[in-house]
Each structure stands twice: as C-alpha cells, then as structure tokens.
Amino acid sequence: MSENSLLDPSDIRVLRILQKDASQSIADIAKEAGMSQTPCWRRIKKLKETGVIKQTAALVDREAVGLGFLAYAFVKLTVPSRENMETFDRLIGVWPEVVTCERITGAVDYLIKVVATDIKSYDDFLRLKLLDNALVSDVQSRIVVSTIKETVALPLKEFVS
C-alpha cells in the first residue's frame, strides 16, 4: 500500500486477527471479522500483494530451542560512512545470532538484538564476529535478565478519512 492510502476498518479487523493467530482458516478469520469467506480471502490477498502483510511465520520460543541468552548491543562503527554502513548491514544479514538490527541516531550507530545459548556463546559472537571486524570500534552490551513483554503485533488504529 502506498504511504497515502489508509487501511479501512475491515482491513484493521482482519490484521488484528491475523496478528493473534495467522494459522486460522479463512472461514474462522472471516467469521471473527464479521464478513464472508471470499471477501476475507480477497482482502488478505490484497494486503499481501500490497506489502502490508510482509510474511507469515511461526513464532518460536527461543528458550524452548536452547537460546536462553538474550542481549542488546550498541555498536559504533569506526567510520560511519555510507560504504561502511552498507558493508555492516550485509554482515548483520548473515549472522544468525542477530535477530534484530536497527540503525539509530546518537553516540552509536546500531542497536542489535542477539540470541545465544549462553553467555559463552555470546562472548564468542562478540569476540569472533563483531569485534573481530575492522568496521566496529566499540560495542556496549546490555544483558536481558527478564523479558516483561514481547510481541510482534502492531498497535493498529482505525483511521478516519
């Protein structure tokens, strides 16, 4: 969808349902959204085609698969040039430990969310990947002791046109 187009109330209802559980059948989604199946299916198809729905995926409990360690790292590049940022962006893309990467403003250049099995594997990631790279001048880590809220659902609002 273009920047100027707005989601209508039916789009919002369908998206809220999908954000809770995208594995539901079209019949169940349509029923909960208060519409018939074919218009619901068309609406979901349109939301996918326009890029509003980027993908459908299973949310895996990281602790259930042995990734009980979570840290955020503030990363400062030696020289934050366009070329260095593009190179760092490509590196981040191939490191499976990094589950989120944000380019940010302020004293550092990036904020990355890293999952690992334990503190030793995080230390290996830091030393052998992140700090071993000449692009990186400094890393400050924050180890998560407890996750209070974790969601991928966006706070969708209905807009009045």
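Predicted model: local features only at pLDDT ≥ 70, side-chain atom pairs only at ≥ 80, totals over all residues.
A residue counts as buried here when its relative accessible area is under 20%.

Start with the aromatic rings. There are five aromatic pairs in the structure. In one of them, the ring centres of F88 and W95 sit 6.4 Å apart with the planes at 85 degrees, so this pair is edge-to-face. F88 has a relative accessibility of 0% and therefore counts as buried. W95 comes out at 8% relative accessible area, which again means buried. W95 also pairs with F125: here the ring centres are 5.6 Å apart and the planes stand at 90 degrees, so this pair is edge-to-face as well. W95 belongs to the loop between α4 (82-94) and β2 (98-103), while F125 belongs to helix α5 (residues 119-130), so their pairing ties together parts that lie 30 residues apart in sequence. Taken together, ring pairs join F69, F88, W95, Y110, Y122 and F125 into a cluster.

The largest nonpolar core has 21 residues, and the members that touch the most others are V75, F88, I112, Y122, F125 and L130. Two or more residues of this core come from each of β1 (69-77), α4, β3 (110-116), α5 and β4 (136-143). Strand β1 supplies the largest share, with five residues. What does F88 touch, leaving aside its neighbours within four places in sequence? The contacts of F88 are V75, L77, W95, Y110, L130, L135 and V136. Another core lies apart from the largest one; this other core has 15 residues, including L15, L18, L47 and L156.

Next come the open spaces. The largest pocket has a volume of about 890 Å³. Its lining is made up of 25 residues, and those nearest the centre are Q19, I53, Q55, T56 and V152. Helices α1 (9-20), α2 (26-33) and α3 (37-49) are the elements that each give two or more residues to this lining. The largest share, four residues, comes from α1. Sorted by class, the lining of the largest pocket has 15 nonpolar, six polar and four charged residues.

The second largest pocket holds about 670 Å³ of space. It is lined by 22 residues, with L59, V60, K113, E150 and V152 closest to its centre. For this pocket, the elements that give two or more residues to the lining are the strands β1, β2 and β3. The classes here are twelve nonpolar, four polar and six charged residues.

K113 sits in strand β3. Is K113 buried or exposed? With a relative accessibility of 16%, K113 falls under the 20% cut-off, so K113 counts as buried. Setting aside neighbours within four places in sequence, K113 is in contact with L70, A71, Y72, E97, V98, V99, T100 and E150.

Two other residues round out the picture. L91 is part of helix α4, and with a relative accessible area of 22% L91 is partly exposed. Not counting residues up to four places away in sequence, L91 touches N133 and L135. L91 and N133 are 42 residues apart in sequence, and their C-alpha atoms are 9.6 Å apart in space. L135 is also in contact with F88. S146 lies in the segment after β4 and is partly exposed, with a relative accessible area of 48%. Along the sequence S146 and L70 are 76 residues apart, while C-alpha to C-alpha the distance between S146 and L70 is 9.2 Å. L70, for its part, is one of the contacts of K113.

How values were computed
Residues numbered from 1 in each chain as written. Heavy atoms only, no water. Phe/Tyr/Trp six-rings, centres within 6.5 Å; stacked < 30°, edge-to-face > 60°. Buried < 20%, exposed > 50% of the residue type's maximum accessible area, 1.4 Å probe, protein only. Core = buried A, V, L, I, M, F, W, Y, C linked by side-chain atoms within 4.5 Å. Contact = heavy atoms within 4.5 Å. 1 Å grid on protein atoms, 1.4 Å probe; cavity = no way out; pocket = protein on both sides within 12 Å on 5 of 7 lines; lining within 4 Å. Points joined across faces, edges and corners; volume = space filled by probe spheres on them. Nonpolar A, V, L, I, M, F, W, Y, C, P; charged D, E, K, R; others polar.
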